Amino acid sequence: MPSNYSAWGLLRGALSGHRHWAPAWRDAAPRPRYDVVIIGGGGHGLATAYYLAKNHRLTRVAVLERGWIGGGNTGRNTTIVRSNYLYPESARLYDFSLRLYEGLSQELNFNIMLSQRGLIMLAHSRHDLDSMARWANAMRMNGISAELLTVDQIGELAPALDLSSGARLPVLGGFCQRRAGTARHDAVAWGYARAASALGVDIIQACEVNEFIREDGRVAGVMTSRGQIRAERVGIAAAGHSSVLAKLAGFRLPVTSYALQAMVSEPIKPVLDTVILSPGTGAYVSQSDKGEIVMGAMLDLFPSYAQRGSFAVKQAIIAATLALFPSFSRLQLLRQWAGIVDVVHDSSPIIGPTPIPGLFINCGWGTGGFKAIPVGGWTFAHALATGESHPLAEPFQLSRFLSGRLIDEAAASGIAH
């Protein structure tokens, strides 16, 4: 079990050449039986395992990861956390997640590098201004603070933006969520993995699920590349590959997988101390702690499992970013990547039971999976432990596609993540 990190521990590590540190989590071998098996070792799977152990005292839990911990979408996003959603159901869900993020470093005893630098949405037209006023007022009615900003106020927060009258993309105003910002993606995964392992959870890497074990019409475990593992309940938290696993189990999800790409420039001195999102262009821009300019944009709108993305979207990201920040035109591109996101028809997640007894699923977060890691884990753990949906997750059941009670958050969730 890893010891608590502390200032004294860091000093001792520095004086000893950092040779005394224990592994952050146990790299476990699979046991034949567990109470719960979670498929997917990203943020949502690890958070689910942690909250199963912490909130529900279930420690006979295994997290199965085909690759390595945090090697999927958790390590391939642009690290934005926010809760500026329109509908009450989404606002409650994502703001609960943001509140958990705000105390996560202390709870996990692991610095997730949360930086609540704020997020500014830009308006480029009168229609944008009207839409954002409605959006900000809806947030306030949902108990989430939002500020409408003038052009001058935006300029004070992001002086590198081109706010001139002759700008390629004129900025007429916008709104800001001050509590939004960024967190270190790897640290979130590692922090949850370390905390879950300390509570007795088995984290099993290089373990691919090949088949579901069925007995009396219900799922009773999985066949993996490392042998048979039986469980009372099985949870899927595999992001873009959720539909593949659902098909393996024998049912179909209303999910399509797309590539969502992003990129970073070479590092430069601090120039952007907030997150900028331009719904009119689909671009969002921030600066990492290492000084890189982080750029992202819209989905590659064709189904794909390729982790690279298309040249057309890459070009659109760069063009929109340079229209907003002409001074960035001299920067060199450092690297580019894509994650595979699972998009549901109403751009809202699915959290809860599946048509197969004993099998539960957490999927459909689309471009918003990273910001939802804490609440996804919290509510999915509740479903796996009790067999019932958490009140926050009740509106996000598969059954909404039969009832027609959809939560269409495409405008709020379809760009930044």
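I take helices (H or I, at least four residues) and strands (E, at least two) as DSSP runs, numbered from the N terminus. The model I am reading is predicted.

Entry 1: An open sheet holds 8 strands in the order 5-6-4-13-14-15-12-16, and its pairing is mixed. I noted which strands sit at the edges: strand 5 (147-149) and strand 16 (333-344), each of which pairs on one side only. On average, neighbouring strands of this sheet are turned by 20° against each other, direction ignored.

Entry 2: I then followed strand 5 to its partner. Strand 5 pairs with strand 6 (residues 173-177) in the antiparallel sense, over 3 bridges. Across this pairing, leucine 148 stands opposite phenylalanine 175 of strand 6. As a reminder to myself, strands of a sheet pair through backbone hydrogen bonds, either parallel or antiparallel. Helix 5 (residues 126-141) lies across strand 4 (119-123), strand 5 and strand 6, and runs at about 20° to strand 6.

**Entry 3: the largest pocket.** I read its volume as about 890 Å³. The lining has 45 residues, and the closest to the pocket centre are Gly72, Asn73, Ala238, Ala239 and His241. Which elements supply at least two residues each to this lining? I found helix 2 (43-56), helix 8 (242-249) and strand 16. Strand 16 gives the most, with 4 residues, and I had already listed strand 16 as an edge strand of the sheet.

Entry 4: I counted 21 lining residues, of which Thr79, Arg184, His185, Ser288 and Glu292 lie nearest the centre. Helix 7 (185-198), strand 14 (283-287) and strand 16 are the elements that give two or more residues to this lining. I wrote down the classes here too: 5 nonpolar, 9 polar and 7 charged residues.

**Entry 5: aromatic pairs.** Counting ring centres within 6.5 Å as a pair, I get 12 aromatic pairs. I looked up one of them, phenylalanine 96 with tryptophan 378. Why is this pair edge-to-face? The ring centres are 5.3 Å apart and the planes stand at 75°, and planes over 60 degrees apart count as edge-to-face. Phenylalanine 96 lies in helix 3 (residues 88-102) and tryptophan 378 in helix 10 (residues 373-386), so the pair ties together parts that are 282 residues apart in sequence.

Terms used. Residues are numbered from 1 along each chain as its sequence is written. This is a predicted model: local features need pLDDT of at least 70, side-chain atom pairs count only at pLDDT 80 or more; totals for chains, interfaces and linings use all residues. Side-chain values use heavy atoms; hydrogens and water are left out. Two strands pair if DSSP finds at least two bridges between them. Axes are lines fitted to C-alpha atoms, for helices over the stretch in contact, and angles run from 0 to 180 degrees between N-to-C directions. Contact means heavy atoms within 4.5 Å. On a 1 Å grid over the protein atoms alone, a cavity is a set of points where a 1.4 Å probe fits but cannot get out, and a pocket is an open set with protein on both sides within 12 Å along at least five of seven lines; lining residues have an atom within 4 Å of a point. Grid points are joined across faces, edges and corners, and a volume is the space filled by probe spheres set on the points. Ala, Val, Leu, Ile, Met, Phe, Trp, Tyr, Cys and Pro count as nonpolar, Asp, Glu, Lys and Arg as charged, and the others, Gly among them, as polar. Rings of Phe, Tyr and Trp (its six-membered ring) pair if their centres lie within 6.5 Å; planes under 30 degrees apart count as stacked, over 60 as edge-to-face and the rest as tilted.
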